[in-house]
Each structure stands twice: as C-alpha cells, then as structure tokens.
Amino acid sequence: MVTLNYSIEGLLPMKGLPPDWPGGYWWHWLFFTVVLIAFVLVMVLGAIYIERRGMGRMQSRLGPNRTGPFGLLQAVADAVKVLLKENIVPAKADKIVHWLAPIIAFAPVMMIFAVVPFQDGALLADLNIGILYIVAVSSIATVGVFMAGWGSSNKYSLLGAMRNVAAVVSYEIPLVLSVIGVVLVAGSLSLNDIVLAQDIPFILFQPLGFLLFFAAGCAEINRAPFDLMEADSELVAGFHTEYSGMKFAMFYLVEYAEAIAISAIIATLFLGGWRGPLLPPWLWLIVKIVIVFFVMVWTRATLPRVRIDQLMALAWKFLFPLALINLFITAVQVLVWPDGLPWALIFLNIAVMLVLVILWSKLFRLGWGRLEV
Amino acid sequence: MGLAAAFWIMAVVIVAAALGVVFLRNVFRAALTLVLCFVAVAGLYITLSADFLAAVQILVYVGAISVLIILAIMMTREVPQGSPANRLKLPAFIVAAVVLGIMIYTVTKTAWQVSAEAPLTPTTVPLATKLFSEGGFVLPVEIAAVLLLAAILGAIVIAREK
C-alpha cells in the first residue's frame, strides 16, 4: 500500500493534462488498470471477510476463524478451492452463452471503478459525464445475468434472472433520481468535480437522497433483504444455479465487486470521497467504502427477505414518489441559492427527510390489495 | 490514425453483428448480437466526440430496449429450435434489398456538408442549453413524453383483464 500511495503522489502533475479520454497516455491507462484490478480483488477478499465474520458476530456465532490469524485467509482458501473444482456445463445448455455470461457480468463492474477518484485527478478517466457513465455501464451487467439464466436451460435459473431484471428495471428509477439531486447541488456530472464540490459532505444536504440511493442500490445489486432473485428456499441459487468452478467464482466475485462499487459510489457522492483530515486521500476513500459496506452487512443481518410483490411495491409506491419529491425540493433550493447552499439548510433537509419518511411509512402498507407479480 | 482504426473495427463489428441478428436461427442469440451492435454504435459516437450521446445510447438501447426484447423472448416457447419458417422469406428479402439499395445510393450521391469547426467538448452543456434555454426544444420533448405516456396507458387498458 505504501508503493500505491507513492505512485499516486507521482501522478499528481497529470492534473494539468486534458481530461478527455483517450488522451494517448498509455502508461497512465496501464498503471490505473493494473491498480484497479488489484484494488477490486483485494477489496473483495476483505469484503468477504467482513461479511462472514461480521455477520457471525451479529448472529451470536464465531464465523470462520481457523484459516490463518483471525480467519483472515479463509477467503483466499475458498478462492483456491473453487478454482480447482470441476467445471460442469449442463448437457442442454446453450454452451457459448453459458460460457460468455460470467465475463459479460464482470466487465461492467470493473469499468465502474474507472471513474472513481482516489485523489484529486487520480482516476483512470475523468469523464465529464462520470455518473451517467456509471449508470449506463452498470445496466450492461443485467444482460450478463440474463445470459446466465437463459444459457443454463434450467427453470430456476430463468426465474431468478427474470426476477432480477424486474427488480433492476424498477429500482433504476429511484436510484437515478436520487443521483440527480447530488448532481444539481454539485453542478457537475464528473465524480472528480462532485468530490471537489463537497466542502460539506452531501449526505447532510441530501439525507433523503442518501437513504433512497442506499436502498435502491442494495436492491440493484441483489443484496439482502432484496436478494430474492437468488432466494435459496425458492430458487436454489437463482441465475447461477448451474455454474460451478471458475465460472461460479466469477459470479461470486461480481456479487462482491458490485457491493464494493456501490459503496465506492455512495462514498464518493454522499460522504465526500477521498476528502478528510490527516490520513492520505486513498486511505480515506477505502475507510469510507468499508464503512458503507459494513452498513450493508448490518442491514442484511437485520432485515428479513421481502416477497416479490413487496419488492415491486417498495420501489414504485415508496422510493419513487419520495425520489421525485426529493428532486423537486433540491431543485428549488438550488434555484434559490445558486452560489452554494447555506449551512442552515442541513437542519431543514434532515427535518424534511424525517417528516417524509415517517409520513410515507404511515401511509404505505405492504401486502394491501391484489398480489401482483 | 487511432480514430480511423477504431472506426473500422467498430464498423466491422456493427455489420457482422447486424448480419448475425438477421441470420441466426436462435432468436435469443440474435438478440445478443443486437446488443453487441448497439454497443459498437455507442463506440462510434465516442469517436465522433459525442460522449453524452454514447452514454445515453448504452443506457437506453442496451439497458432498456434490449432487456425488454430479451424478456419478451424468454416468455416465448421453443426458442432454440429457431423461428418458425413462413412463405414471406422472399418478399422480405426483396424489400430489405430495395431499402439497402436506396440508402447506399442516397449516402454515396448526396453532397454532405462537413462543418470545419472543431467538435464541442464537453457536449453536455451545449445540449442542455439547446434543450432548456429560450427558444429551446423543451416543448416538443415534453409533448413526445406525454404522447408516449398516453400510448403506454392505452396499451395497459387494452391488455388488462376484465
């Protein structure tokens, strides 16, 4: 990690270069590609450790603690084990689609990290459409899930894939609407500029947007309590039921890389990204990512899994109207104070969030009316 | 040089993927090649300095339209056996060939006006100005949105069980 810090310091003069990509700076591209792949793999191993040990604690058990000190090497041992396993392809599977699905699911998740800044200007590509790029690229992952569900020619895989798509299409709307609030306040789509605009972390100006983004993000990446597309009791393992060995490892990797990606986006959009006192910037970003991921693990251990009709109702009747109201309030505030929002708005926004969430939870009942899937 | 190489790679991928959409018997694989075609078109937009348009292309065509097409295919039966043959093969081929011929003729015979100005970067701000400033296109866009909403509502009303 010391070498990483040193190298990023060495890249600082790059700030003066045109932000367009490709800029022909191949060494910049190569360095950040290698660093990002290593970063994602290490963070995924860490995330698996946090999830298994943390959930163990929350459920009054120990969790894996035998492999290495404090069980730190358990994820590594599991990774080695799964790579050595036999690769089974169902006889009636669509072979090419079955083989391509994990790759198509994995590539977009890696591409998200290209625009996450680790320091001012220290990112693979400072796109001026940064957050739109993230939304666009992450929508490709759905196709990978579809291919997995279809290519396996297994009804549970297919059902899991269809549930996944229904959820992703519904939750994309509140997700994007809550991002627009941040974009309005920051006045830019570029993640680097959004971080630079956060003298006060946007979670204080956008508390409602943060909650909406967190809930919708967890649903987008199939984290519990929204993980019913791989609900073990109903669908075996959802869309990756028929995957084994290396290809299963890819889907497992995608699952945690997506969680890290959403945590990184939340840390960048709402928690001030790499900004913070004392510690070096990249360490601040990692600390914030780990904190957000820990909250995700916490919700997973706390809340029961929802039903499919509850999932849809939550997206369309709870998150969507609140996201619209949040967007409207933010737009009015930005119009009234075009030169930056004043401090006092923090208290107003938190009060508005509390009132709206409590009001909506009173009005909103799960399971009313007809069951619609 | 780099741009020309990128253009030719994208062009070959687009044409090959489009042919795949037409000729593959398996409808699901045809839909996947359509996705590849859309992604390659987004690549072309990037070489033309239209970054915002490229992101929207991916978001709308890959993220929404293709997903809807694939979802519809999943609802149909016996897809791996291929689409059922019918007698419209020859008329369809003739119509397609005529359309292709007209398009090639138009593209090659028209004197296209090429602007000498440098492309706008970034394109997001000029697009927003065109849309929202005075004399912008907000009203037509909103009318189109309302029209689409009415169409969706109509479809739901027609398809709904009594």
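Me: What should I know before reading it?
Reply: This is a predicted model, where local features need pLDDT of at least 70, side-chain atom pairs count only at pLDDT 80 or more, and totals for chains, interfaces and linings use all residues. Residues are numbered from 1 along each chain as its sequence is written, chains are lettered from A and ligands numbered from 1 in the order in which they are written, and side-chain values use heavy atoms, with hydrogens and water left out.

Me: What is the mean pLDDT of chain A?
Reply: Chain A has a mean of 80. In chain A, 89% of residues reach 70 or more. pLDDT is the predictor's confidence in each residue, from 0 to 100.

Me: Where does pLDDT stay under 50 in chain A?
Reply: Over residues 1-23. The model has 26 contacts (heavy atoms within 4.5 Å) for that stretch, counted beyond four places in sequence.

Me: Is A:Cys218 buried or exposed?
Reply: A:Cys218 is buried, at 3% relative accessibility. B:Cys37 is buried too, at 12%. Buried means under 20% relative accessible area, exposed over 50%, partly exposed in between (1.4 Å probe, protein chains only).

Me: Which residues make the nonpolar surface patch of about 670 Å²?
Reply: A:Leu45, A:Phe70, A:Leu72, A:Leu73, A:Val76, A:Val80 and A:Leu84. Patch residues have over 30% relative accessible area and no salt bridge; nonpolar side chains (Val, Leu, Ile, Met, Phe, Trp, Tyr) are joined within 5 Å, like charges within 9 Å. A salt bridge is a side-chain nitrogen of Lys or Arg within 4 Å of a carboxyl oxygen of Asp or Glu.

Me: Where does A:Phe70 lie?
Reply: In the loop between α2 (26-58) and α3 (74-83) of chain A. A:Phe70 is exposed, at 63%. Helices (H or I, at least four residues) are DSSP runs, numbered from the N terminus.

Me: What about the phi of A:Ser60?
Reply: Near 55 degrees, a positive value in a non-glycine residue. A:Ser60 also lies in the α2 to α3 loop, and is exposed at 71%.

Note on methods. Accessible areas come from the Shrake-Rupley method with a 1.4 Å probe; for residues, only the protein chains shown count as cover. Helices (H or I, at least four residues) and strands (E, at least two) are DSSP runs, numbered from the N terminus.
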